[in-house]
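The sequence and the model are shown first.

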Amino acid sequence: MRQRFRDTEHLVRLALLFAAGTLVFVVARALLVPEGFGEYGHFRSGAMVDNQLREPVHAGREACRECHGDAAAALAAGGHAGVGCESCHGALGAHARSEGEVKPAELDAAALCSLCHARNVARPARQPQVDVAEHAEGAACTDCHEAHAPAL
Amino acid sequence: MYPNELELQWSVLIALYPFITGLVAGAFILASLERVFNLEAVRPTYRLALLTALAFLIVAPLPLQLHLGHPERSFEMFLTPHRSSAMAMFGFVYLWYLLAVLVIEIWLEYRPYIVERAQTAAGWIRWFYRAATLGSYNVSPRALRIDDRLGRFVTVIGIPSAFLLHGYVGFLFGSIKANPWWSTPLMPIVFLFSAIVSGIAAVLLIYIGYCLVHGIRLDMPCLDAMGKFLFYAFVVDFGLEMLDLVHRNYEADESLKTLNFMVETRLFTSQIVIQIIIGTLAPLLLLGLTQLLTLTESARKGLYTTSAVLTLIGIFAMRWNVVIGGQLFSKSFLGFTTYKMGFATREGLLPALVLLVLPILILWLLVRLFPPMLDQEAETPAGPPS
Amino acid sequence: MSVDRRKFLVEATQFLILTGAASEAWPFVAEGHPEAAPGYDVSRHWWAMFIDAEKCIGCGRCVEACKTENDVPDGAHYSRTWVERYYIPAHDVTRPESEPSPHVDSPEAGRYGFREIYPKGPGAKAFFVPKLCNHCTHSPCVQVCPVGATFESPDGVVMVDKKYCIGCRYCVQACPYGCRFIDPRTNTVDKCSLCYHRITKGLTTACCEVCPTGARQLGDLKNPDDPIHELLSTHKVQVLKPNMATGAKVYYNGLDAAVR
């Protein structure tokens, strides 16, 4: 019996080494798996909060209405009713938060209007489109059209 | 092209990785031919094949670590492996294969040598051998018989483990339904057979190289056996790849036009010329000659060597064509991009070359620690060319 | 009910909802520092999006807004969302073999609009298709992530855990829609998060906010008053690559057969 053990002793030591390694792995795992992992699924629940942690860069249409009621009203009554303020004016979160301190960027009306209204064969037919050069004949868009209520 | 597809995500290093694990699996399967299937002819290469497998297995994770955006977080695959991800399962398959199969098998094979060196070696290396004995110096005939039986058992489970090690790499690609170049159930099988082919070729070359360096006479029956197995494995591998090709062209689904165009233009050199003509048809022809004709020893040596070199080039090209090729076309089937491989960048050509050379250096070290052919260590000259 | 009245009702409802939700959100916008959304119950929402491809005019405001809102790196190959223009030239429909492949382009991901480069002619067909992450319910990207760094939240948004991602790019390969990319600054994967930081606070996504034609509309499928229910039942909707069975939740109206 002792002889048999002596002949397999090296294998027993090997098995013990493996067992020790497994134990180390299990302990390390218990210590290192991040908190909240597995709460909602195979991911760290804190990641959902991480994705919420960003201050909105765009303010949203409602925010503009607070101070710019007139423009908002003109917009709602005209052809651009469905167009958000930030579609043209860019992100206004900083401007709204600072209550006007941070100024929105200057708009290049010609480039901006053409972006939606220049004739393009891929645009749906119901979108008002013109050949800008032909239509404007050198004038700026805002010479004739009021941006918030563009119909003439 | 979808805008995000412009740059390739998986580089040459990711093509290198299946090449390396393929060599591991192939070398091990060659070694197991002797141990489990009692193929005495390849006995001379048994230990060398095991050491080759270990050398390449040690290097295998390195291309991946260089590729990862956050290699320092790679242990997360062990902490929270996502069971549905083939890549997550890699960590455990690799660990299993390294520790439970390869290291144990090498240890059992070399135990008498380790024990002897632990008692007689000079210098600090003696501590290495002493540690490797795990404190047990019993090398009685009974203990060695037990070792032999256990070693055989380990080899038996080692074969499916080797299949798993490299088969999962094929599955990793084959299970991506988004990519029609990769998505096929044949992928793990094709990868596995090309692994066997590349492993046999690598051990063949390493055996010839080792014997040349140490002035040992080459065992021709061993070389002949390896050549024969290389040939037959190659026939199966080629057959499988042709099956994939024929199947694709027959079904002719939406992706065919794009994929054929890609092969005819972007992948022409690497696939048609290098992989198929130089890397598959040529070695098949040369090996076929050795099987069909009676040739002199010298001629056979030359043909085996040439075939093995061409084979390795061809199998690497196959990995390249799968990995890089799969990213050259758009998933919209309406566009193509190009792969710009850097040289001295983190994932460039230089690290790839270093990683190809590194296993040879490791093997050199392993061979010094665990000499593969003790019974033929006498400095017999290689003999006149016959 | 006449078309005009129905249209008015739908749009009025949208307006009321946006106003109601937005007024709740205003305090968050006013706060000015990043914070989580207290009081947001994940189990009461199931986010989706409705895109009317027939309304898209290719102005690219959505792409621009997304870049600004989410601090996405400059460059077309770092796109959380993009717009594609399809142009199918006139061809002889009686000879199917002459059918040309559609010309698809997305200059700078559509961020600065599309310059006219195609001739107007009879028989040709052209349109825009906005694209983004489809927030699939059986997402292949979630399936292949080795560590659990990308996931679908209980409210239906597929997101990335940037602190956990190891940058292996398996998910980028697995996504059939090409909506994922590597952020070169963090070396982790990035993609559309459905503006999670906005929608959990009652705002809509940045791309929907600035879309001038209402082609893009966020929807909460668990909210019985959400206009998306009406939209889904009155339009012939489709998802991209339905054969992949990804459970995509971005529903398109007016998707042409040529769209991939």
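The points below take the chains, their contacts and selected residues in turn.

1. The coordinates come from a predicted model. Local features are reported where pLDDT is at least 70, and side-chain atom pairs count only at pLDDT 80 or more.

2. Overall form of chain A. The secondary structure of chain A consists of nine helices and zero strands, and from the N terminus its elements follow the order α-α-α-α-α-α-α-α-α. A compact globule of 152 residues would have a radius of gyration near 15 Å, whereas the value for chain A is 33 Å. Along the principal axes, the C-alpha atoms of this chain fill a box of roughly 105 × 40 × 25 Å.

3. Burial and contacts within chain A. Of the 152 residues in chain A, 28% are buried. When contacts between residues at least 6 apart in sequence are considered, 47% of those in chain A join residues at least 24 apart.

4. Gln52 of chain A. Is Gln52(A) buried or exposed? Gln52(A) counts as buried because 21 C-beta neighbours lie inside 10 Å, and the cut-off for a buried residue is 20 or more. The residue belongs to helix α2 of chain A, which covers residues 46-52. Which residues does Gln52(A) contact, leaving aside its neighbours within four places in sequence? They are Ala36(C), Ala37(C), Tyr196(C), His197(C) and Thr200(C). Within chain A, Gln52(A) and Leu112(A) are 60 residues apart along the chain, and their C-alpha atoms are separated by 32 Å.

5. Contact between chains A and C. Chain C contributes 54 residues to this contact and chain A contributes 41 residues. On the side of chain C that touches chain A, the elements giving two or more residues are α1 (3-31), α2 (61-70), β2 (81-88), β4 (125-132), α5 (196-199) and α6 (206-210) of chain C. The largest share of that side, nine residues, is supplied by α1(C). Sorted by class, the side of chain C that touches chain A holds 28 nonpolar, 14 polar and 12 charged residues.

6. Contact between chains B and C. Here the contact takes 30 residues from chain B and 37 residues from chain C. On the side of chain B that touches chain C, at least two residues each are supplied by α4 (76-79) and α5 (86-120) of chain B. The classes on that side of chain B are 13 nonpolar, 11 polar and six charged residues.

7. A bent helix in chain B. Helix α11 of chain B, residues 268-292, has 25 residues, yet its end C-alpha atoms are only 31 Å apart. A straight helix would reach 36 Å at 1.5 Å a residue. Where does α11(B) bend? The bend, of about 35 degrees, is at Ile276(B). Ile276(B) is also among the buried residues of α11(B), which include Gln271(B), Ile274(B), Gly279(B), Pro283(B) and Leu287(B). The cover over the buried residues of this helix includes α9 (220-251), α10 (256-264) and α12 (297-323) of chain B.

8. Composition of chain C. Chain C has seven helices and 11 strands. Buried residues account for 53% of its 260 residues. Among contacts in chain C between residues at least 6 apart in sequence, 68% join residues at least 24 apart.

9. A four-stranded sheet in chain C. What is the order of the four strands in the open sheet of chain C? The order is β9-β1-β11-β10, with mixed pairing. The edge strands are β9 (216-220) and β10 of chain C, each of which pairs on one side only.

10. Strand pairing within that sheet. Strands β1 (residues 47-52) and β11 (residues 250-253) of chain C pair in the parallel sense over four bridges. Met49(C) has Val250(C), in β11(C), as its bridge partner. Strand β10 (residues 237-238) of chain C runs antiparallel to β11(C), and two bridges join them. In this case the bridge partner of Gln238(C) is Tyr252(C), which lies in β11(C).

Notes:
Residues are numbered from 1 along each chain as its sequence is written. Chains are lettered from A and ligands numbered from 1 in the order in which they are written. A residue is buried if 20 or more other C-beta atoms lie within 10 Å of its own, exposed if 12 or fewer, and partly exposed in between; C-beta atoms are placed from the backbone. Two residues are in contact if their C-beta atoms, placed from the backbone, lie within 7 Å. Two strands pair if DSSP finds at least two bridges between them. Ala, Val, Leu, Ile, Met, Phe, Trp, Tyr, Cys and Pro count as nonpolar, Asp, Glu, Lys and Arg as charged, and the others, Gly among them, as polar. The radius of gyration is taken over C-alpha atoms; the globule rule is 2.2 Å times the number of residues to the power 0.38. The expected span of a helix is 1.5 Å times one less than its number of residues. The bend at a residue is the angle between axes fitted to the seven residues ending there and the seven starting there.
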